[in-house]
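Hello,

Here is the structure I promised to pass on. Please have a look, and then read on for what turned up in it.

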Amino acid sequence: MNRETPALLVVLHGVNLNMLGVRPAAHYGTITLLELEDVVRQEAGAWGWSTLCFQTNHEGEFVELAQRFRTADALLVNPGAWTHYSYAIRDALEMAQGPVAEVHLSAVEQREPWRQVSVLADVASVRVSGKGADGYREAVRRLVGLAGGKDEAL
Ligand code: DQA
């Protein structure tokens with residue numbers, strides 16, 4: 001990528017993700033949100049990208065962040081439980097100009113039936129679940145590859 005300013009990755013964490021480290025370790029491991037954000041920053045930084053991270057427990061605020069950063073080079077989102085029913089968040093992410101990654105720490109497709117539904121799936125170019133923090137690294141690499149139009153990161 002030939003540009004003066006680094007590409008921007010925006011990371012949006014939704015409801016209850018601020019409680020990582022306290023939530024059931026069997027599903028989410030023991031990593032805290034700050035540690036997870038660090039993982040993302042390091043992976044993105046290795047590809048020359050800068051990262052902005054946000055977390056909110058308010059659905060409308062999540063929507064506003066998605067709107068505000070729709071021109072970012074890529075979005076990485078884990079909306080938590082909103083994933084399974086928030087058409088408002090899905091519609092906000094649809095406006096993103098760059099690729100969107102939907103990431104879940106836990107293997108949502110192997111959990112309760114309601115968790116197996118993602119209303120965001122059709123607006124996400126990258127979907128990763130069940131790989132913990134490694135899944136975030138993978139998602140960053142795939143976003144960089146998609147946004148840069150290169151396969152070097154894939
Ligand atoms: C989650 C999975 C969701 O079903 C759950 O509501 C979360 C976290 C995950 O990262 O595995 O809050 O998105």
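Which polar backbone atom is 3.1 Å from an oxygen atom of the ligand? That atom belongs to Ala-81. Before more, a word on the source: this is a predicted model, where local features need pLDDT of at least 70, side-chain atom pairs count only at pLDDT 80 or more, and totals for chains, interfaces and linings use all residues. Residues are numbered from 1 along each chain as its sequence is written, and side-chain values use heavy atoms, with hydrogens and water left out.

The protein covers 98% of the 320 Å² of accessible area (Shrake-Rupley method, 1.4 Å probe) that the ligand has on its own.

The residues around the ligand (a heavy atom within 4 Å) include Arg-23, Tyr-28, His-104 and Arg-115. This shell divides into 4 nonpolar, 5 polar (Gly among them) and 2 charged residues.

Elsewhere, Phe-54 and Phe-69 form an aromatic pair (ring centres within 6.5 Å). Phe-54 lies in strand β2 and Phe-69 in the loop between α3 and β3, so the pair ties together parts that are 15 residues apart in sequence (helices are DSSP runs of H or I, at least four residues; strands of E, at least two).

Best wishes

Notes:
Polar contact = N/O pair within 3.5 Å; in protein donor to acceptor, adjacent residues only side chain to side chain. Phe/Tyr/Trp six-rings, centres within 6.5 Å; stacked < 30°, edge-to-face > 60°.
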